[in-house]
Amino acid sequence: MPFFHFLLSFFIEFGPLVGFLSIAFLYGFFPGVYALIILSFLSLLFSKIRDKRLPIFSIYAASAVFVFGSLSIYYHNQYLVVFEYTLYNFAFALAALWGYFYKQPIMKKLFPTMFVMKERGWQIMSVSWGIIFVVAGFLNEYFWWYENEHTWLVFRAYMLVFSTIFGALMFFVSRHERLPGSNSWGLKKY
C-alpha cells in the first residue's frame, strides 16, 4: 500500500506536466495548455480527497498554471506558459535556498505528509532542490529563446525525467536521516 500512495503522490505532482507534454507533442501547444489547466485542477481535487487538505505546493502550482495558462490561451501567446515554468523554478529555488540559510526548510512545509526525517535531511533536500531549480529556470529560458518550440518541449520532458531521478536519489537522504515512526526509507507509514 505505501507504494500505491507514493505513485498517487507522483501522479498528483507530475500528472499535469505529463499530460501537457503528451497533448502538446500529439496535438499542439495550446491543446496541451488546456490539458495542463484541467489536470492541475484534478490534481488539487485528488490531493484534497486523499489528504483531506490542500498542500501549499499544489495550490501554488495549480494557481500559477491557471493564471498563466488562461492568459496564454486568451492572448494566444505561448511564452506565458513558458514564463510560468521559469517563474515557478526561480520562486521555488528562492524559497528553498532562503529556507536553507534561515534554517526553515521549505521542503518540510511542502511535503509534510510524505517524509518523516531529521532537520538535517530537510536542509539537504532544500538546498539540493534549490540549486536544481535555479539551473532549471535558466535552462528553461535558454531553450525557449534560443531553440524552437519542439526542442523546448523535449527539454521539459527531459527535465521531468531528470527531476524524477533526482527525486528518487533524495530517498537516500530520507533513508539516512529518517526518524523513528517512518518506514525504512524515511517515508510516512500509511
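**Exercise 1.** Which residues form a nonpolar patch on the surface, and with about how much accessible area together?

*Solution.* This is a predicted model: local features need pLDDT of at least 70, side-chain atom pairs count only at pLDDT 80 or more, and totals for chains, interfaces and linings use all residues. Residues are numbered from 1 along each chain as its sequence is written, and side-chain values use heavy atoms, without hydrogens and water. The patch consists of Tyr 34, Ile 38, Leu 39, Phe 41, Leu 42, Leu 45, Phe 46 and Ile 49. Together they have about 770 Å² of accessible area (Shrake-Rupley method, 1.4 Å probe; for residues, only the protein chains shown count as cover). Patch members need over 30% relative accessible area and no salt bridge; nonpolar side chains (Val, Leu, Ile, Met, Phe, Trp, Tyr) are joined within 5 Å, like charges within 9 Å.

**Exercise 2.** Find the two ends of each salt bridge, then classify Glu 177 as buried or exposed.

*Solution.* Step 1: apply the rule, a side-chain nitrogen of Lys or Arg within 4 Å of a carboxyl oxygen of Asp or Glu. The count is 2 salt bridges.

Step 2: take Lys 108 and Glu 119. Their closest N and O atoms are 2.2 Å apart. Lys 108 sits in helix 5 (residues 106-110) and Glu 119 in helix 6 (residues 119-146), 11 residues apart. Helices are DSSP runs (H or I, at least four residues), numbered from the N terminus.

Step 3: take Glu 177 and Arg 120. Here the closest N and O atoms are 2.6 Å apart. Glu 177 follows helix 7 (149-176) and Arg 120 is in helix 6, so the pair ties together parts 57 residues apart in sequence.

Step 4: classify. Glu 177 has a relative accessible area of 4%, so Glu 177 is buried (under 20%; exposed is over 50%, partly exposed in between; 1.4 Å probe, protein chains only).

Definitions and conventions: Helix = DSSP H or I, 4+ residues; strand = E, 2+ residues; numbered from the N terminus.
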